[in-house]
Amino acid sequence: MDWSNLSFGYHPTHGNVRCCYQDGKWSAPVFNASTEITLHMAATCLHYGQEVFEGLKAYCGKDGKIRLFRVEENAKRMINSATYLKMEAPSQELFIEAVRMAVNANLDFVPPYEGGATLYIRPLLIGTSPQVGVKPASEFLFVVFVTPVGPYFKGGFQPVNVIIDRDHDRAAPLGTGHAKTGGNYAASLLSLDVSNQQGYATALYLDAREKKYVDECGPANFFGIKHNTYVTPKSHSILPSITNMSIMTLAEDMGLKVERRQVPVQELQTFEEAGECGTAAVITPIGKIFDPATDQTITYGDGKTAGAISTQLYNQLRAIQYGDAPDPHKWVTVLR
Ligand code: PLP
Ligand code: COI
């Protein structure tokens with residue numbers, strides 16, 4: 001594999017791990033070499049969107065050890081997402097066992113330490129039994145597949161430009177935004193296309209009710225930094241990011257104040273640095289934010305260089321994930 005030029009995409013591996021929920025219980029996880037799933041045409045995932053997923057990564061350290069980052073949090077979030085969508089979720093133990101099995105079955109696809117690539121792990125849960133009326137399934141399939149990936153945004157740790165989208169919402173105020181379900185991403189595809197066509201890496205969404213406050217970006221949470229304070233939106237319609245939760249702790253460790261609260265759109269221009277954070281995005285600094293409503297562009301620094309605090313947070317997060325720095329909060333599971 002050409003590890004240093006990998007895209008963030010699907011690359012074939014040896015196989016995946018699956019378990020089924022039937023007759024009120026989960027089967028044991030089993031390795032499966034096929035990339036195909038056979039489904040009933042009336043499966044609830046196809047018609048009524050009973051689908052939730054997760055995203056985490058396995059990192060190969062300088063010491064050759066393979067580490068998972070906060071896998072328990074992904075297991076818990078899948079349970080929360082599934083609960084909202086009336087789905088049965090695998091227990092935390094089953095989730096972690098399936099993730100371990102999927103990585104262990106594909107060790108030669110874990111990218112080496114140098115080069116910026118990682119093994120992306122995608123746990124997927126779908127309703128598989130048929131329903132024609134709007135009702136939840138009684139059977140579910142849980143699959144964990146892995147794929148080696150490069151950076152989500154081309155160039156890795158480099159500022160991207162984003163556009164505020166006032167014409168579309170990815171989630172309703174009391175809807176599914178806090179759950180990691182496909183419908184939120186389906187709702188963002190047109191908006192993403194419009195943003196990309198105008199030359200922006202992604203859209204920045206506002207609160208759907210009033211369009212007054214910042215929600216999050218398409219694939220990642222938003223943060224801003226000013227006066228030694230890390231500020232990130234609090235909203236029911238954004239995904240509770242495990243990366244963001246970790247960065248808030250790292251920011252406090254570094255002596256920054258942390259504020260998780262509503263972020264008015266007008267406050268964007270007061271930040272000294274801004275960025276997006278998530279498993280795929282890691283920390284991606286934001287260079288510029290364009291607001292079509294005012295025709296104004298906010299530029300952070302020179303718009304092309306990552307800010308000092310974002311860089312420090314990025315380096316510390318990566319160091320823990322790769323095992324280059326101590327792990328005081330016990331976030332890392334060494335797989336082998
Ligand atoms: N927000 C959205 C909409 C996402 O898809 C993701 C990615 O999972 C995140 C935020 C970041 O979450 P995490 O840090 O847990 O990957
Ligand atoms: C992630 O960061 O894991 C995501 O799921 C974001 C995107 C690829 C959907």
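Let me start with ligand 2, which is surrounded by Phe8, Phe53, Gly55, Tyr120, Arg122, Tyr152, Lys180, Tyr185, Pro219, Thr279 and Ala280, where a residue is near a molecule if one of its heavy atoms lies within 4 Å of it. This is a predicted model, in which local features need pLDDT of at least 70, side-chain atom pairs count only at pLDDT 80 or more, and totals for chains, interfaces and linings use all residues. Residues are numbered from 1 along each chain as its sequence is written, chains are lettered from A and ligands numbered from 1 in the order in which they are written, and side-chain values use heavy atoms, with hydrogens and water left out.

Which residues make polar contacts with ligand 2? A polar side-chain atom of Tyr120 lies 2.6 Å from an oxygen atom of ligand 2, a polar contact here being a pair of N or O atoms within 3.5 Å. The side chain of Lys180 places an N or O atom 2.7 Å from an oxygen atom of the ligand, and for Ala280 a backbone N or O atom lies 2.8 Å from an oxygen atom of ligand 2. Of the 280 Å² of accessible area that ligand 2 has on its own, the protein covers 89%, with areas taken from the Shrake-Rupley method with a 1.4 Å probe.

Turning to ligand 1, 16 residues surround it, and Tyr185, Glu216, Ser241, Thr243 and Thr279 are the closest. The side chain of Glu216 has an N or O atom 2.6 Å from a nitrogen atom of ligand 1.

Notes. A polar contact is a pair of N or O atoms within 3.5 Å; within protein, one must be able to donate a hydrogen and the other to accept it, and residues adjacent in sequence count only if both atoms are side-chain atoms.
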